[in-house]
Amino acid sequence: MATISTPEYLLDKAKRRFTPSITNFPGMGALERRLLQTDFPQKPMATPPPGSDLKTIMGDAGLPVVGHMVEMFRGGPDYLLHLYRKYGPLYYADSPALAAVAALGPDAAQAVYSNRNKDFSQQGWVPVIGPFFHRGLMLLDFDEHMYHRRIMQEAFVRTRLVGYQEQVDQVVTQVIANDWVTNDSRFLMYPAMKELTLDIASMVFMGHEPGSDHELVTKVNKAFTTTTRAGNAIIRTGVPPFTWWRGLKARELLEDYFRARVAERRGKEGSDLLTVLCQTEDEDGNKFSDDDIVNHMIFLMMAAHDTSTSTATTMIYHLAKNPEWQERCRDESDRLGDGPADIESLDKLESLDLVMNESIRLVTPVQWAMRQTVRDTELLGHYLPKGTNVIAYPGMNHRLEEFYPDPMKFDPLRFTEPRNEHKQHRYAFSPFGGGAHKCIGMAFGQFEVKTILHRLLRKYRLELPHSGYTTEWDYGGMPVPKDGMHIVLRPLR
Ligand code: HEM
């Protein structure tokens with residue numbers, strides 16, 4: 001089991017402070033403010049076919065070389081809100097990194113996610129994560145996707161979740177009780193949570209008992225982290241020793257590892273996800289090939305890891321900031337006590353559900369959905385030629401004051417009767433996506449995160465390092481707290 005020790009988080013802190021990036025480089029704040037006030041000349045993306053009554057999508061390229069990266073990485077959803085208010089639901093970012101149409105607001109999200117005429121393919125994700133996660137479920141399309149999803153669905157039915165949950169609880173209880181440093185305002189929650197969710201995956205996904213196969217698990221986890229990071233590389237080609245190249249090498253290691261594991265686990269009994277994927281079949285008896293399982297496992301590790309880490313960390317932050325909500329959630333956890341946190345028990349932690357919804361509304365782990373048009377088509381009456389990248393932004397929709405009055409206020413009661421602010425539009429709240437590619441691991445992730453929070457609340461009071469403390473988010477990829485997030489764990493007993 002990985003331990004996050006004091007020297008490790010001090011080193012992590014130093015790295016965060018001294019690694020230059022768009023989000024922390026001196027002067028970037030002033031540049032961002034200036035760029036937000038700049039009216040870049042708008043130009044049409046493409047001319048609609050003659051005789052069509054479709055409109056043209058307008059946009060611009062931003063600064064030379066970096067495009068709108070400064071505003072995007074620093075502002076994330078707030079920058080998109082700025083674009084939505086200024087230009088409406090469709091805006092063409094002619095970015096040098098990835099030219100794409102931003103499909104903003106809930107109507108655009110609905111059209112893209114529901115994908116009525118199968119105009120939008122998942123190939124939009126390929127330039128971002130394709131080489132590292134190819135043939136993962138999210139990168140498959142249409143009939144082929146449906147075929148794989150039907151088989152994988154069997155690995156996520158409630159009876160399977162019961163088996164995973166037992167293992168999740170075992171790892172969480174052990175790590176939180178033994179590994180986390182208390183009464184230390186230098187403790188960083190984000191890296192600690194990343195370690196914990198990797199520990200969970202080692203057991204629940206890959207089938208390694210806690211503490212066993214330490215060297216192998218460490219090597220695989222490292223390769224996995226390298227692969228995940230590679231999607232954010234600036235130099236996006238396989239030149240040694242850069243990030244993209246390291247990602248490709250790490251992918252090779254993961255393929256070898258999972259191929260060997262599949263050979264080991266085929267035909268065996270077990271309740272870890274890998275063994276389950278070796279067994280599952282759809283109603284017609286179709287099963288995954290060895291290669292399918294390798295590809296799906298590598299993608300599943302990625303899909304589950306940063307998302308759960310981000311969700312749990314954001315919830316902890318808001319609970320530390322809002323002690324009345326922390327007490328409310330702890331009361332429910334105290335009623336459950338320290339017995340096994342099975343999924344029936346977790347269902348009773350209703351306040352945690354509200355806190356989770358509000359936390360991922362404010363900091364949405366998967367900010368956007370990437371798609372690509374497979375033919376000439378239209379979106380909200382505008383022309384989109386074949387091959388256009390289109391990006392829907394649930395992370396921005398979650399901040400619309402039309403649905404969420406005082407949108408930046410942490411107010412979990414928005415999600416209760418009679419307010420139900422999230423139900424005013426089908427896509428007012430879509431942190432797990434929608435349509436055919438809606439998150440298959442939603443229930444798994446929710447149980448995992450609730451287990452972490454439940455165990456933490458039973459053991460510690462969560463405090464901010466000082467009363468004025470706030471954390472800022474880096475929106476370069478999945479939102480990450482720039483400072484690693486300081487949380488003080490005060491033992492309750
Ligand atoms: C807990 C937080 C999580 C969040 C917020 C989240 C969010 C999402 C979103 C927004 C999508 C849709 C992407 C798109 O439309 O292009 C998605 C897809 C997916 N997620 Fe999650 N996810 C979470 C946890 C998990 C977990 C724990 C797993 C696995 C155990 C998982 C597995 C997947 C898979 C396989 C897909 C692709 C589904 C498909 O294409 O059919 N996710 N997730």
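How many nonpolar, polar and charged residues does the shell around the ligand have? In this predicted model, the shell divides by class into 15 nonpolar, seven polar and one charged residues. In total, 23 residues surround the ligand. The closest of these are Thr307, Gly433, Cys439, Gly441 and Gly445. Two helices, H13 (290-321) and H18 (442-459), each supply at least two residues of this shell. The largest share belongs to H13, with six residues.

Helix H14, spanning residues 323-336, packs against helix H16, spanning residues 350-362, at an angle of about 140°, and their axes are 8 Å apart. Angles over 145 degrees would count as roughly antiparallel, and H14 and H16 are therefore oblique to each other. On the H14 side, the contact is formed by Trp325, Arg328, Cys329 and Glu332, which meet Ser351, Leu352 and Val355 in H16. By class, the residues of this contact comprise four nonpolar, one polar and two charged.

A last point of interest is the loop between H14 and helix H15 (343-347), where Asp338 is found. Is Asp338 buried or exposed? With 12 other C-beta atoms within 10 Å, Asp338 is exposed, because a residue counts as exposed when 12 or fewer such atoms lie within that distance. Asp338 can also be placed relative to Phe429: the two are 91 residues apart in sequence, and their C-alpha atoms are 33 Å apart in space.

Note on methods
Residues numbered from 1 in each chain as written. Predicted model: local features only at pLDDT ≥ 70, side-chain atom pairs only at ≥ 80, totals over all residues. Near = placed C-beta within 6 Å. Helix = DSSP H or I, 4+ residues; strand = E, 2+ residues; numbered from the N terminus. Nonpolar A, V, L, I, M, F, W, Y, C, P; charged D, E, K, R; others polar. Axes fitted to C-alpha atoms, helices over the stretch in contact; angles between N-to-C directions. Parallel < 35°, antiparallel > 145°, perpendicular 65-115°, else oblique. Contact = placed C-beta atoms within 7 Å. Buried ≥ 20, exposed ≤ 12 C-beta atoms within 10 Å, placed from the backbone.
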